[in-house]
Amino acid sequence: DLLGIFAGSYQTLEQVQKGLSDYLETKRQSFARFYFLSNEELLEILSQTKDPRAVQPHLRKCFEAIDKVTFEEDATSESGLKITVMHSGEGEMVTWDSKVCPEGSVEHWLTDVETMMRKSVN
């Protein structure tokens, strides 16, 4: 019965969407600036956690004053990268007092970016 198959598939789809929505909400609760991103943008970031540079196009939405950051090679970092400079949309550049290594979950190292942003501007 085709109607039964469609009804079952629709119910499964609703369960998957609810699970995805709950997952995104937990990520937003752990890093509140994720609320500025659409579900699609947040999924793009979370699906590319192996490449920290994938966050770059979304920084402007997360941080009003940051247009981009500078990623540099760092052999001592787990990811092989470090972030040392932030750039504003107006072309201003601020070198951070220390580096941020984009390691682990994206919401954790973005919290480090936020902390370093505040320290460097004060």
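What we have is a predicted model, in which local features need pLDDT of at least 70 and side-chain atom pairs count only at pLDDT 80 or more, while totals for chains, interfaces and linings use all residues. Residues are numbered from 1 along each chain as its sequence is written, and side-chain values use heavy atoms, with hydrogens and water left out.

Let me start with α1 and α2, where Leu20, Tyr23, Leu24, Lys27 and Arg28 of α1 meet Asn39, Leu42, Leu43 and Leu46 of α2. The residues of that contact divide into 6 nonpolar, 1 polar and 2 charged, where Ala, Val, Leu, Ile, Met, Phe, Trp, Tyr, Cys and Pro count as nonpolar, Asp, Glu, Lys and Arg as charged, and the others, Gly among them, as polar.

Turning to helix α4, residues 106–121, its buried residues (buried being under 20% relative accessible area, with a 1.4 Å probe and protein chains only) include Trp109, Leu110, Val113 and Met117. The buried residues of α4 pack against α1 (2–30), α2 (39–47), α3 (59–62), β2 (81–87) and β3 (93–100).

Finally, where does Ser77 lie? Ser77 is placed in the loop between β1 (68–73) and β2, and it is buried, with a relative accessible area of 7%. Leaving aside neighbours within four places in sequence, Ser77 is in contact with Cys101 and Glu103.

Key: Buried means under 20% relative accessible area, exposed over 50%, partly exposed in between (1.4 Å probe, protein chains only). Helices (H or I, at least four residues) and strands (E, at least two) are DSSP runs, numbered from the N terminus. Contact means heavy atoms within 4.5 Å.
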